[in-house]
Amino acid sequence: MTIESDNRMENMLLEINRTLLHNYGNNILLSKLKEKSLNEFDVELDYNKIFHIKDERTNTLFVRNIKFNRIFESKLKLNEKMELPLDEINSTICSEYDLIKNNIIHKVLARKEIVLSLIKNTHISMAFMNKFYTILNQLVINEVFHKNMIDEYISKNKNFEKYVSLVVDGGFGELDSKKNLRATNKLKVLFKDKKEVKETVDEALFILIRDHYDYIVYDLNIHTLKTYVNIMSCLIYLIDYMKLPNIKMRLGDFYRVYLTFYRKVEFDKFLERVNNLVYSNVITSEGGVISLTS
Amino acid sequence: MSSLTEDKLIKLNKPKDTIEDFQGCGINSLLALLEHIAPGHKISADELKKIFDYDGEGISEQKHRFNRFNNLLKDHKIPYKVYRGTFNSHQEVLKYLKFPVPIYFSMNVIHLIKDKFKYSQININFGDSNLLFNNPNHHLLLLVGYEEAGKKLYFVDPVYQLPYYSNKDLTNKNKLCVLDTKQFYECVKHIKSFMELRFIKKLEKGYKTEKKKNEKQSKLE
(Lines give C-alpha, C1' and ligand atoms only; values in the text may rest on other atoms or scores of the structure.)
Protein backbone atom coordinates (compact mmCIF):
# COMPACT_ATOMS: atom_id res chain seq x y z
CA MET A 1 0.00 0.00 0.00
CA THR A 2 2.81 2.37 0.89
CA ILE A 3 4.66 1.67 -2.34
CA GLU A 4 1.46 2.09 -4.33
CA SER A 5 0.74 5.35 -2.56
CA ASP A 6 4.28 6.64 -3.26
CA ASN A 7 3.91 5.78 -6.93
CA ARG A 8 0.69 7.71 -7.13
CA MET A 9 2.34 10.69 -5.52
CA GLU A 10 5.30 10.51 -7.91
CA ASN A 11 2.99 10.28 -10.90
CA MET A 12 0.96 13.22 -9.67
CA LEU A 13 4.13 15.29 -9.18
CA LEU A 14 5.29 14.50 -12.68
CA GLU A 15 1.90 15.19 -14.23
CA ILE A 16 1.32 18.47 -12.38
CA ASN A 17 4.84 19.79 -13.05
CA ARG A 18 4.52 19.03 -16.75
CA THR A 19 1.09 20.61 -16.96
CA LEU A 20 2.33 23.73 -15.21
CA LEU A 21 5.40 24.07 -17.40
CA HIS A 22 3.67 23.23 -20.68
CA ASN A 23 0.56 25.30 -20.12
CA TYR A 24 1.30 27.98 -17.57
CA GLY A 25 4.88 29.12 -18.07
CA ASN A 26 7.93 29.14 -15.84
CA ASN A 27 6.82 31.06 -12.79
CA ILE A 28 3.85 29.08 -11.45
CA LEU A 29 5.18 26.25 -9.34
CA LEU A 30 3.91 23.33 -7.36
CA SER A 31 4.81 23.98 -3.72
CA LYS A 32 2.79 21.33 -1.94
CA LEU A 33 1.06 18.10 -2.84
CA LYS A 34 -0.60 16.19 -0.06
CA GLU A 35 -2.91 13.22 -0.22
CA LYS A 36 -6.04 14.23 1.63
CA SER A 37 -8.12 11.13 1.15
CA LEU A 38 -7.78 8.15 -1.10
CA ASN A 39 -6.96 9.42 -4.60
CA GLU A 40 -7.71 13.00 -3.66
CA PHE A 41 -4.89 15.52 -3.26
CA ASP A 42 -4.48 19.01 -1.90
CA VAL A 43 -2.46 21.14 -4.31
CA GLU A 44 -0.75 24.42 -3.47
CA LEU A 45 0.96 26.64 -6.02
CA ASP A 46 3.57 29.38 -5.54
CA TYR A 47 4.73 32.12 -7.87
CA ASN A 48 8.48 32.55 -8.15
CA LYS A 49 10.11 34.81 -10.70
CA ILE A 50 13.87 34.74 -11.03
CA PHE A 51 15.56 37.73 -12.56
CA HIS A 52 19.04 39.07 -13.16
CA ILE A 53 20.43 42.50 -12.59
CA LYS A 54 23.96 43.37 -13.58
CA ASP A 55 25.95 45.82 -11.51
CA GLU A 56 28.28 47.60 -13.91
CA ARG A 57 30.34 48.99 -11.04
CA THR A 58 31.49 45.60 -9.74
CA ASN A 59 30.78 43.73 -12.98
CA THR A 60 28.56 41.34 -11.08
CA LEU A 61 25.44 39.60 -12.28
CA PHE A 62 23.04 39.33 -9.34
CA VAL A 63 20.52 36.50 -9.56
CA ARG A 64 17.49 37.20 -7.40
CA ASN A 65 13.87 36.12 -7.09
CA ILE A 66 10.43 37.48 -6.29
CA LYS A 67 8.31 34.89 -4.57
CA PHE A 68 4.63 34.79 -3.62
CA ASN A 69 3.54 31.81 -1.56
CA ARG A 70 0.27 29.95 -2.01
CA ILE A 71 -1.17 31.93 -4.89
CA PHE A 72 -3.60 29.10 -5.56
CA GLU A 73 -4.97 26.13 -3.65
CA SER A 74 -7.12 23.39 -5.01
CA LYS A 75 -8.09 19.77 -4.75
CA LEU A 76 -7.22 17.34 -7.47
CA LYS A 77 -8.21 13.74 -8.04
CA LEU A 78 -5.82 11.11 -9.28
CA ASN A 79 -5.58 11.28 -13.10
CA GLU A 80 -7.69 14.43 -13.17
CA LYS A 81 -6.29 17.04 -15.53
CA MET A 82 -5.39 20.23 -13.74
CA GLU A 83 -6.96 23.35 -15.19
CA LEU A 84 -6.17 26.64 -13.57
CA PRO A 85 -8.40 29.69 -13.50
CA LEU A 86 -6.06 32.11 -15.29
CA ASP A 87 -7.97 35.27 -14.38
CA GLU A 88 -8.08 34.39 -10.70
CA ILE A 89 -4.38 33.51 -10.55
CA ASN A 90 -3.30 36.57 -12.54
CA SER A 91 -5.37 38.71 -10.23
CA THR A 92 -3.68 37.17 -7.16
CA ILE A 93 -0.24 37.75 -8.68
CA CYS A 94 -1.17 41.36 -9.49
CA SER A 95 -2.37 41.91 -5.91
CA GLU A 96 0.92 40.58 -4.54
CA TYR A 97 2.87 42.87 -6.85
CA ASP A 98 0.63 45.75 -5.78
CA LEU A 99 1.61 45.10 -2.16
CA ILE A 100 5.30 45.36 -3.01
CA LYS A 101 4.67 48.44 -5.16
CA ASN A 102 2.80 50.10 -2.33
CA ASN A 103 5.69 49.44 0.03
CA ILE A 104 8.39 50.68 -2.30
CA ILE A 105 6.39 53.76 -3.27
CA HIS A 106 6.15 54.66 0.41
CA LYS A 107 9.86 54.13 0.76
CA VAL A 108 10.38 56.69 -2.03
CA LEU A 109 7.92 59.08 -0.41
CA ALA A 110 9.77 58.80 2.88
CA ARG A 111 12.96 60.14 1.28
CA LYS A 112 12.71 63.90 1.40
CA GLU A 113 15.66 64.61 -0.89
CA ILE A 114 14.14 62.46 -3.63
CA VAL A 115 10.62 63.86 -3.30
CA LEU A 116 11.82 67.47 -3.35
CA SER A 117 14.07 66.88 -6.35
CA LEU A 118 11.19 65.30 -8.20
CA ILE A 119 8.73 68.11 -7.66
CA LYS A 120 11.17 70.96 -8.13
CA ASN A 121 12.75 69.85 -11.31
CA THR A 122 10.10 67.98 -13.16
CA HIS A 123 8.55 70.74 -15.18
CA ILE A 124 5.00 69.44 -15.56
CA SER A 125 4.81 68.46 -11.95
CA MET A 126 6.11 71.86 -10.94
CA ALA A 127 3.32 73.63 -12.80
CA PHE A 128 0.83 71.89 -10.52
CA MET A 129 2.93 72.09 -7.39
CA ASN A 130 3.23 75.87 -7.75
CA LYS A 131 -0.22 76.17 -6.19
CA PHE A 132 1.11 74.59 -3.01
CA TYR A 133 4.13 76.89 -3.10
CA THR A 134 1.84 79.93 -3.48
CA ILE A 135 -0.26 78.98 -0.44
CA LEU A 136 2.59 77.86 1.79
CA ASN A 137 4.78 80.87 0.94
CA GLN A 138 1.94 83.23 1.90
CA LEU A 139 1.38 81.39 5.17
CA VAL A 140 5.03 81.26 6.16
CA ILE A 141 5.85 84.88 5.21
CA ASN A 142 2.60 86.67 6.12
CA GLU A 143 1.00 84.04 8.38
CA VAL A 144 -2.25 84.68 6.52
CA PHE A 145 -3.66 84.12 3.05
CA HIS A 146 -6.63 86.46 2.71
CA LYS A 147 -10.01 85.26 1.48
CA ASN A 148 -10.14 87.78 -1.39
CA MET A 149 -6.83 86.44 -2.72
CA ILE A 150 -7.95 82.85 -2.33
CA ASP A 151 -11.17 83.69 -4.19
CA GLU A 152 -9.17 85.31 -6.97
CA TYR A 153 -7.10 82.14 -7.45
CA ILE A 154 -10.25 80.00 -7.31
CA SER A 155 -11.90 82.17 -9.98
CA LYS A 156 -8.94 81.39 -12.27
CA ASN A 157 -8.76 77.75 -11.29
CA LYS A 158 -11.56 76.02 -9.40
CA ASN A 159 -9.18 73.27 -8.36
CA PHE A 160 -7.30 75.75 -6.17
CA GLU A 161 -9.88 75.21 -3.42
CA LYS A 162 -8.73 71.60 -3.11
CA TYR A 163 -5.15 72.74 -2.55
CA VAL A 164 -6.33 75.02 0.26
CA SER A 165 -8.29 72.15 1.82
CA LEU A 166 -5.25 69.91 1.67
CA VAL A 167 -3.08 72.50 3.42
CA VAL A 168 -5.77 72.66 6.13
CA ASP A 169 -5.96 68.84 6.35
CA GLY A 170 -2.18 68.70 6.57
CA GLY A 171 -2.38 70.94 9.65
CA PHE A 172 -0.41 73.83 8.16
CA GLY A 173 -3.34 76.25 7.81
CA GLU A 174 -6.73 76.88 9.38
CA LEU A 175 -9.67 78.93 8.18
CA ASP A 176 -10.82 81.70 10.52
CA SER A 177 -14.39 82.95 10.87
CA LYS A 178 -13.90 85.27 7.85
CA LYS A 179 -12.56 82.37 5.72
CA ASN A 180 -9.03 83.76 5.71
CA LEU A 181 -6.44 81.01 5.75
CA ARG A 182 -4.10 81.42 8.73
CA ALA A 183 -0.83 79.66 9.53
CA THR A 184 -1.16 77.11 12.32
CA ASN A 185 1.21 76.75 15.24
CA LYS A 186 2.52 73.62 13.53
CA LEU A 187 3.71 75.73 10.57
CA LYS A 188 5.04 78.50 12.81
CA VAL A 189 7.05 76.01 14.86
CA LEU A 190 8.37 74.49 11.65
CA PHE A 191 9.47 77.96 10.46
CA LYS A 192 11.13 78.62 13.80
CA ASP A 193 12.95 75.36 13.49
CA LYS A 194 13.99 75.73 9.83
CA LYS A 195 14.61 79.50 10.00
CA GLU A 196 14.44 79.94 6.19
CA VAL A 197 11.17 80.38 4.26
CA LYS A 198 12.29 78.09 1.46
CA GLU A 199 13.32 75.33 3.87
CA THR A 200 10.03 75.58 5.75
CA VAL A 201 7.90 75.46 2.59
CA ASP A 202 9.90 72.51 1.26
CA GLU A 203 9.47 70.61 4.50
CA ALA A 204 5.71 71.30 4.59
CA LEU A 205 5.32 70.31 0.95
CA PHE A 206 7.29 67.12 1.50
CA ILE A 207 5.02 66.21 4.44
CA LEU A 208 1.90 66.92 2.37
CA ILE A 209 3.10 64.71 -0.48
CA ARG A 210 4.23 61.94 1.85
CA ASP A 211 0.95 61.86 3.77
CA HIS A 212 -1.50 62.61 0.96
CA TYR A 213 0.20 61.07 -2.08
CA ASP A 214 -2.81 59.19 -3.44
CA TYR A 215 -5.09 62.22 -3.08
CA ILE A 216 -2.55 64.46 -4.83
CA VAL A 217 -2.09 61.99 -7.68
CA TYR A 218 -5.64 60.80 -8.20
CA ASP A 219 -7.80 63.72 -7.10
CA LEU A 220 -5.63 66.69 -7.90
CA ASN A 221 -4.65 64.76 -11.05
CA ILE A 222 -0.90 65.19 -10.68
CA HIS A 223 -0.27 61.88 -12.45
CA THR A 224 3.16 63.01 -13.59
CA LEU A 225 4.34 62.78 -10.02
CA LYS A 226 3.28 59.12 -9.96
CA THR A 227 5.16 58.41 -13.18
CA TYR A 228 8.43 59.51 -11.64
CA VAL A 229 7.77 58.03 -8.21
CA ASN A 230 7.13 54.67 -9.92
CA ILE A 231 10.50 54.77 -11.66
CA MET A 232 12.22 55.75 -8.42
CA SER A 233 10.40 52.95 -6.57
CA CYS A 234 12.09 50.40 -8.85
CA LEU A 235 15.48 51.83 -8.02
CA ILE A 236 14.64 51.78 -4.33
CA TYR A 237 13.46 48.18 -4.71
CA LEU A 238 16.92 47.17 -5.90
CA ILE A 239 18.68 49.28 -3.30
CA ASP A 240 16.56 48.41 -0.25
CA TYR A 241 14.83 45.11 -0.97
CA MET A 242 17.54 43.45 -3.02
CA LYS A 243 20.22 45.02 -0.83
CA LEU A 244 22.23 46.44 -3.72
CA PRO A 245 22.92 49.91 -2.28
CA ASN A 246 25.50 51.05 -4.83
CA ILE A 247 24.11 49.46 -7.94
CA LYS A 248 24.97 50.96 -11.31
CA MET A 249 23.11 49.39 -14.20
CA ARG A 250 22.46 49.69 -17.89
CA LEU A 251 19.25 51.46 -18.76
CA GLY A 252 17.94 48.37 -20.58
CA ASP A 253 18.41 46.28 -17.43
CA PHE A 254 16.61 48.87 -15.34
CA TYR A 255 13.78 48.95 -17.88
CA ARG A 256 13.29 45.22 -17.38
CA VAL A 257 13.04 45.69 -13.61
CA TYR A 258 10.49 48.43 -14.28
CA LEU A 259 8.46 46.10 -16.49
CA THR A 260 8.35 43.56 -13.69
CA PHE A 261 6.34 46.00 -11.62
CA TYR A 262 4.73 48.40 -14.05
CA ARG A 263 3.52 47.68 -17.53
CA LYS A 264 2.63 49.29 -20.82
CA VAL A 265 5.43 51.83 -21.14
CA GLU A 266 7.40 51.91 -24.37
CA PHE A 267 11.16 51.99 -23.96
CA ASP A 268 11.45 55.42 -25.63
CA LYS A 269 8.93 56.88 -23.19
CA PHE A 270 10.78 55.27 -20.30
CA LEU A 271 14.06 56.68 -21.57
CA GLU A 272 12.55 60.17 -21.77
CA ARG A 273 11.36 59.93 -18.17
CA VAL A 274 14.68 58.64 -16.90
CA ASN A 275 16.37 61.52 -18.72
CA ASN A 276 14.09 63.92 -16.86
CA LEU A 277 15.20 62.31 -13.62
CA VAL A 278 18.81 62.77 -14.71
CA TYR A 279 18.12 66.48 -15.35
CA SER A 280 16.51 66.60 -11.90
CA ASN A 281 19.74 65.17 -10.50
CA VAL A 282 17.90 62.31 -8.80
CA ILE A 283 19.52 59.78 -11.09
CA THR A 284 23.07 59.92 -12.43
CA SER A 285 23.74 58.67 -15.93
CA GLU A 286 27.15 57.98 -17.42
CA GLY A 287 27.36 56.35 -20.84
CA GLY A 288 23.97 54.68 -20.53
CA VAL A 289 24.73 53.39 -17.03
CA ILE A 290 22.49 54.78 -14.32
CA SER A 291 22.62 54.96 -10.53
CA LEU A 292 20.95 56.82 -7.71
CA THR A 293 22.61 60.20 -7.24
CA SER A 294 24.37 60.06 -3.93
CA MET B 1 21.59 1.53 -28.16
CA SER B 2 24.80 0.29 -29.75
CA SER B 3 25.88 3.87 -30.47
CA LEU B 4 26.21 4.51 -26.72
CA THR B 5 29.37 2.45 -26.63
CA GLU B 6 31.16 5.39 -28.23
CA ASP B 7 31.62 8.73 -26.51
CA LYS B 8 29.98 11.69 -28.19
CA LEU B 9 30.36 15.45 -28.04
CA ILE B 10 28.48 17.84 -30.25
CA LYS B 11 30.28 20.88 -31.59
CA LEU B 12 28.07 23.66 -30.35
CA ASN B 13 28.55 27.08 -31.91
CA LYS B 14 27.79 30.16 -29.92
CA PRO B 15 24.71 31.99 -31.26
CA LYS B 16 25.25 35.58 -32.44
CA ASP B 17 22.57 36.77 -30.05
CA THR B 18 21.99 35.61 -26.48
CA ILE B 19 20.05 36.81 -23.44
CA GLU B 20 21.75 37.12 -20.09
CA ASP B 21 18.77 36.42 -17.88
CA PHE B 22 17.39 33.35 -16.12
CA GLN B 23 14.11 33.64 -17.98
CA GLY B 24 16.14 33.57 -21.20
CA CYS B 25 17.19 29.92 -20.89
CA GLY B 26 14.43 28.85 -23.31
CA ILE B 27 15.23 31.53 -25.85
CA ASN B 28 18.98 30.92 -25.67
CA SER B 29 18.38 27.19 -26.09
CA LEU B 30 16.32 27.80 -29.22
CA LEU B 31 18.97 30.19 -30.55
CA ALA B 32 21.61 27.51 -29.96
CA LEU B 33 19.47 24.98 -31.82
CA LEU B 34 19.00 27.44 -34.70
CA GLU B 35 22.74 28.09 -34.89
CA HIS B 36 23.22 24.35 -35.17
CA ILE B 37 20.58 23.56 -37.79
CA ALA B 38 20.66 26.78 -39.82
CA PRO B 39 23.93 28.66 -39.36
CA GLY B 40 23.59 32.17 -40.80
CA HIS B 41 19.84 32.27 -40.09
CA LYS B 42 18.25 35.70 -39.75
CA ILE B 43 16.10 35.07 -36.67
CA SER B 44 16.89 37.46 -33.83
CA ALA B 45 16.55 37.10 -30.08
CA ASP B 46 14.04 39.95 -30.21
CA GLU B 47 11.72 37.97 -32.49
CA LEU B 48 11.84 35.04 -30.08
CA LYS B 49 11.28 37.36 -27.12
CA LYS B 50 8.07 38.52 -28.77
CA ILE B 51 6.86 35.00 -29.50
CA PHE B 52 7.55 33.76 -25.99
CA ASP B 53 6.31 36.96 -24.30
CA TYR B 54 9.71 37.33 -22.66
CA ASP B 55 9.01 40.60 -20.85
CA GLY B 56 5.47 39.66 -19.96
CA GLU B 57 4.06 38.99 -16.54
CA GLY B 58 1.37 36.79 -15.16
CA ILE B 59 0.52 33.53 -16.85
CA SER B 60 -0.75 32.67 -20.27
CA GLU B 61 -1.32 29.66 -22.45
CA GLN B 62 2.12 28.46 -23.48
CA LYS B 63 1.42 25.68 -26.00
CA HIS B 64 0.63 27.99 -28.88
CA ARG B 65 3.99 29.74 -28.56
CA PHE B 66 5.82 26.71 -29.97
CA ASN B 67 3.37 26.71 -32.88
CA ARG B 68 4.24 30.35 -33.52
CA PHE B 69 7.94 29.51 -33.31
CA ASN B 70 7.45 26.68 -35.82
CA ASN B 71 5.64 29.08 -38.14
CA LEU B 72 8.65 31.40 -37.88
CA LEU B 73 10.93 28.50 -38.90
CA LYS B 74 8.61 27.91 -41.86
CA ASP B 75 8.81 31.59 -42.85
CA HIS B 76 12.60 31.29 -42.85
CA LYS B 77 12.43 28.02 -44.78
CA ILE B 78 14.11 26.02 -42.04
CA PRO B 79 12.78 22.44 -42.35
CA TYR B 80 12.56 21.69 -38.63
CA LYS B 81 9.91 21.88 -35.92
CA VAL B 82 10.31 22.07 -32.16
CA TYR B 83 7.93 20.42 -29.72
CA ARG B 84 7.77 19.86 -26.01
CA GLY B 85 8.71 16.21 -25.57
CA THR B 86 8.77 13.89 -22.58
CA PHE B 87 11.04 10.99 -21.72
CA ASN B 88 11.39 8.21 -19.21
CA SER B 89 15.09 7.38 -19.38
CA HIS B 90 18.23 9.28 -20.27
CA GLN B 91 18.87 6.83 -23.12
CA GLU B 92 15.73 8.15 -24.79
CA VAL B 93 17.08 11.69 -24.98
CA LEU B 94 20.56 10.59 -25.96
CA LYS B 95 19.20 9.34 -29.26
CA TYR B 96 18.33 12.96 -30.15
CA LEU B 97 21.95 13.97 -29.75
CA LYS B 98 22.50 14.78 -33.39
CA PHE B 99 21.62 18.26 -32.13
CA PRO B 100 22.02 19.83 -28.70
CA VAL B 101 19.04 18.72 -26.61
CA PRO B 102 17.44 21.27 -24.25
CA ILE B 103 16.32 19.37 -21.13
CA TYR B 104 14.27 20.77 -18.25
CA PHE B 105 15.81 20.43 -14.79
CA SER B 106 14.64 21.50 -11.38
CA MET B 107 16.51 24.63 -10.43
CA ASN B 108 18.62 22.89 -7.80
CA VAL B 109 20.75 21.55 -10.66
CA ILE B 110 22.54 24.89 -10.48
CA HIS B 111 23.89 23.82 -7.08
CA LEU B 112 25.70 21.00 -8.86
CA ILE B 113 27.14 23.00 -11.74
CA LYS B 114 27.66 26.53 -10.47
CA ASP B 115 31.39 25.99 -9.90
CA LYS B 116 31.77 26.13 -13.67
CA PHE B 117 30.37 29.67 -13.79
CA LYS B 118 33.64 31.45 -13.06
CA TYR B 119 34.74 34.03 -15.58
CA SER B 120 37.25 36.80 -15.87
CA GLN B 121 34.69 39.12 -17.52
CA ILE B 122 31.87 38.79 -14.96
CA ASN B 123 31.05 37.53 -11.44
CA ILE B 124 27.78 35.72 -10.91
CA ASN B 125 26.24 36.23 -7.49
CA PHE B 126 23.39 33.92 -6.49
CA GLY B 127 22.86 35.58 -3.09
CA ASP B 128 21.34 33.19 -0.58
CA SER B 129 21.53 30.15 -2.81
CA ASN B 130 19.40 28.03 -0.46
CA LEU B 131 16.60 30.55 -0.78
CA LEU B 132 17.02 30.73 -4.52
CA PHE B 133 17.63 27.16 -5.58
CA ASN B 134 15.15 25.45 -3.30
CA ASN B 135 12.33 26.80 -5.41
CA PRO B 136 10.84 24.38 -7.89
CA ASN B 137 11.45 26.57 -10.94
CA HIS B 138 12.64 24.76 -14.01
CA HIS B 139 15.84 25.51 -15.82
CA LEU B 140 16.99 24.29 -19.22
CA LEU B 141 20.41 22.81 -19.87
CA LEU B 142 21.66 21.83 -23.31
CA LEU B 143 22.77 18.23 -23.48
CA VAL B 144 25.81 18.19 -25.78
CA GLY B 145 27.54 14.91 -25.12
CA TYR B 146 28.16 11.83 -23.04
CA GLU B 147 30.85 9.38 -22.03
CA GLU B 148 31.00 5.96 -20.39
CA ALA B 149 27.99 4.66 -22.30
CA GLY B 150 25.85 7.54 -21.13
CA LYS B 151 26.78 7.42 -17.45
CA LYS B 152 28.52 10.76 -17.66
CA LEU B 153 26.54 13.52 -19.34
CA TYR B 154 27.86 16.84 -20.67
CA PHE B 155 25.76 20.00 -20.67
CA VAL B 156 26.04 23.67 -21.54
CA ASP B 157 24.08 26.12 -19.45
CA PRO B 158 22.31 28.42 -21.95
CA VAL B 159 22.23 31.36 -19.51
CA TYR B 160 25.24 31.05 -17.24
CA GLN B 161 27.71 29.68 -19.80
CA LEU B 162 26.62 30.25 -23.39
CA PRO B 163 26.82 34.09 -23.34
CA TYR B 164 30.29 34.02 -21.76
CA TYR B 165 31.96 31.14 -23.62
CA SER B 166 33.83 31.20 -26.90
CA ASN B 167 33.29 28.48 -29.51
CA LYS B 168 36.52 26.92 -28.30
CA ASP B 169 35.27 26.83 -24.69
CA LEU B 170 32.09 25.11 -25.86
CA THR B 171 34.08 22.12 -27.10
CA ASN B 172 36.37 21.92 -24.09
CA LYS B 173 35.08 19.11 -21.88
CA ASN B 174 36.71 20.64 -18.81
CA LYS B 175 34.60 23.75 -19.23
CA LEU B 176 31.28 21.96 -19.72
CA CYS B 177 28.88 20.99 -16.94
CA VAL B 178 29.03 17.32 -16.06
CA LEU B 179 26.33 15.26 -14.36
CA ASP B 180 26.34 11.58 -13.62
CA THR B 181 23.09 9.74 -14.25
CA LYS B 182 22.19 9.73 -10.54
CA GLN B 183 22.45 13.52 -10.39
CA PHE B 184 20.61 13.75 -13.68
CA TYR B 185 17.62 11.77 -12.43
CA GLU B 186 17.55 13.63 -9.13
CA CYS B 187 17.08 16.89 -11.00
CA VAL B 188 14.68 15.76 -13.73
CA LYS B 189 12.54 13.18 -11.98
CA HIS B 190 9.48 15.37 -11.48
CA ILE B 191 9.48 16.91 -14.93
CA LYS B 192 11.20 14.60 -17.47
CA SER B 193 10.60 16.99 -20.35
CA PHE B 194 12.73 18.34 -23.14
CA MET B 195 12.53 20.36 -26.33
CA GLU B 196 12.31 17.94 -29.17
CA LEU B 197 13.70 19.03 -32.51
CA ARG B 198 12.31 17.21 -35.53
CA PHE B 199 13.65 17.33 -39.06
CA ILE B 200 10.73 17.45 -41.51
CA LYS B 201 11.87 15.92 -44.75
CA LYS B 202 8.69 16.91 -46.57
CA LEU B 203 9.32 20.56 -45.73
CA GLU B 204 12.92 20.36 -46.91
CA LYS B 205 11.78 18.85 -50.21
CA GLY B 206 9.21 21.61 -50.64
CA TYR B 207 11.76 24.35 -49.91
CA LYS B 208 14.25 22.82 -52.36
CA THR B 209 11.65 22.59 -55.13
CA GLU B 210 10.61 26.18 -54.46
CA LYS B 211 14.23 27.34 -54.55
CA LYS B 212 14.88 25.57 -57.86
CA LYS B 213 11.72 27.04 -59.31
CA ASN B 214 12.75 30.53 -58.23
CA GLU B 215 16.25 30.10 -59.66
CA LYS B 216 14.81 28.91 -62.97
CA GLN B 217 12.42 31.83 -63.04
CA SER B 218 15.17 34.39 -62.35
CA LYS B 219 17.35 32.88 -65.12
CA LEU B 220 14.47 33.25 -67.59
CA GLU B 221 14.02 36.86 -66.60
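In this predicted model, 30% of the 294 residues of chain A count as buried. For chain B, buried residues make up 38% of its 221 residues. Keep those two values in mind as we look at how each chain is built.

## Two chains side by side

Chain A contains 12 helices and nine strands. Its radius of gyration is 26 Å, well over the 19 Å that the globule rule gives for 294 residues, so chain A is more spread out than a compact globule. Chain B has eight helices and eight strands. Its radius of gyration of 18 Å is close to the 17 Å that the globule rule gives for 221 residues, so chain B is as compact as a globular protein of that length.

Here are some values for each chain in one place.

| Chain | Span of the C-alpha trace along the principal axes | Share of contacts (residues at least 6 apart in sequence) that join residues at least 24 apart |
|---|---|---|
| Chain A | about 85 × 50 × 35 Å | 59% |
| Chain B | about 65 × 45 × 35 Å | 73% |

## Where the chains meet

How many residues does the contact take from chain A and from chain B? It takes 33 residues from chain A and 30 residues from chain B. On the side of chain A that touches chain B, the elements that each supply at least two residues are helix H1 (2-24), strand E1 (28-37), strand E2 (40-55), strand E3 (60-77), helix H2 (86-109) and helix H11 (251-261). H1(A) gives the largest share of that side, eight residues. Sorted by class, the side of chain A that touches chain B has 16 nonpolar, 12 polar and five charged residues.

Strands take part in joining the chains too. E3(A) is linked by three bridges to strand E4 (residues 123-125) of chain B, and these two strands run parallel. If you want to find this place in the structure, look for Leu61(A), which stands opposite Ile124(B) in E4(B). As background, strands of a sheet pair through backbone hydrogen bonds, either parallel or antiparallel.

## A sheet inside chain A

For an antiparallel example, stay within chain A. Three of its strands form an open sheet in the order E4-E6-E5, with antiparallel pairing. Which strands are the edge strands? They are strand E4 (144-145) and strand E5 (173-175) of chain A, each of which pairs on one side only. Two bridges connect E4(A) with strand E6 (residues 181-183) of chain A, and the two run antiparallel. In this pairing, Val144(A) stands opposite Arg182(A) in E6(A).

## Helices that pack together

Two packed helices are described by the angle between their axes and the distance between the axes. The axes of H10(A) and H12(A) come within 11 Å and cross at roughly 85 degrees. Angles of 65 to 115 degrees count as roughly perpendicular, which means that H10(A) is roughly perpendicular to H12(A). Thr227(A), Tyr228(A) and Ile231(A) of H10(A) make the contact with Arg273(A), Val274(A) and Leu277(A) of H12(A). By class, this contact of H10(A) with H12(A) has four nonpolar, one polar and one charged residues.

Most residues other than glycine have a negative phi.

In chain A, Asn39(A) has a phi near 65 degrees, a positive value in a residue other than glycine. Where does Asn39(A) lie? Its place is in the loop between E1 and E2 of chain A. Asn39(A) counts as partly exposed because it has 14 C-beta neighbours inside 10 Å.

In chain B, Ala149(B) has a positive phi of about 55 degrees, although it is not a glycine. Ala149(B) sits in the loop between strand E5 (138-147) and strand E6 (152-156) of chain B. With 14 C-beta neighbours inside 10 Å, Ala149(B) counts as partly exposed. The cut-offs explain this: a residue is buried with 20 or more such neighbours and exposed with 12 or fewer, so a count in between makes it partly exposed.

Note on methods: Residues are numbered from 1 along each chain as its sequence is written. Chains are lettered from A and ligands numbered from 1 in the order in which they are written. This is a predicted model: local features need pLDDT of at least 70, side-chain atom pairs count only at pLDDT 80 or more; totals for chains, interfaces and linings use all residues. Two residues are in contact if their C-beta atoms, placed from the backbone, lie within 7 Å. Helices (H or I, at least four residues) and strands (E, at least two) are DSSP runs, numbered from the N terminus. Ala, Val, Leu, Ile, Met, Phe, Trp, Tyr, Cys and Pro count as nonpolar, Asp, Glu, Lys and Arg as charged, and the others, Gly among them, as polar. Two strands pair if DSSP finds at least two bridges between them. The radius of gyration is taken over C-alpha atoms; the globule rule is 2.2 Å times the number of residues to the power 0.38. Axes are lines fitted to C-alpha atoms, for helices over the stretch in contact, and angles run from 0 to 180 degrees between N-to-C directions. Angles under 35 degrees count as roughly parallel, over 145 as roughly antiparallel, 65 to 115 as roughly perpendicular and the rest as oblique.
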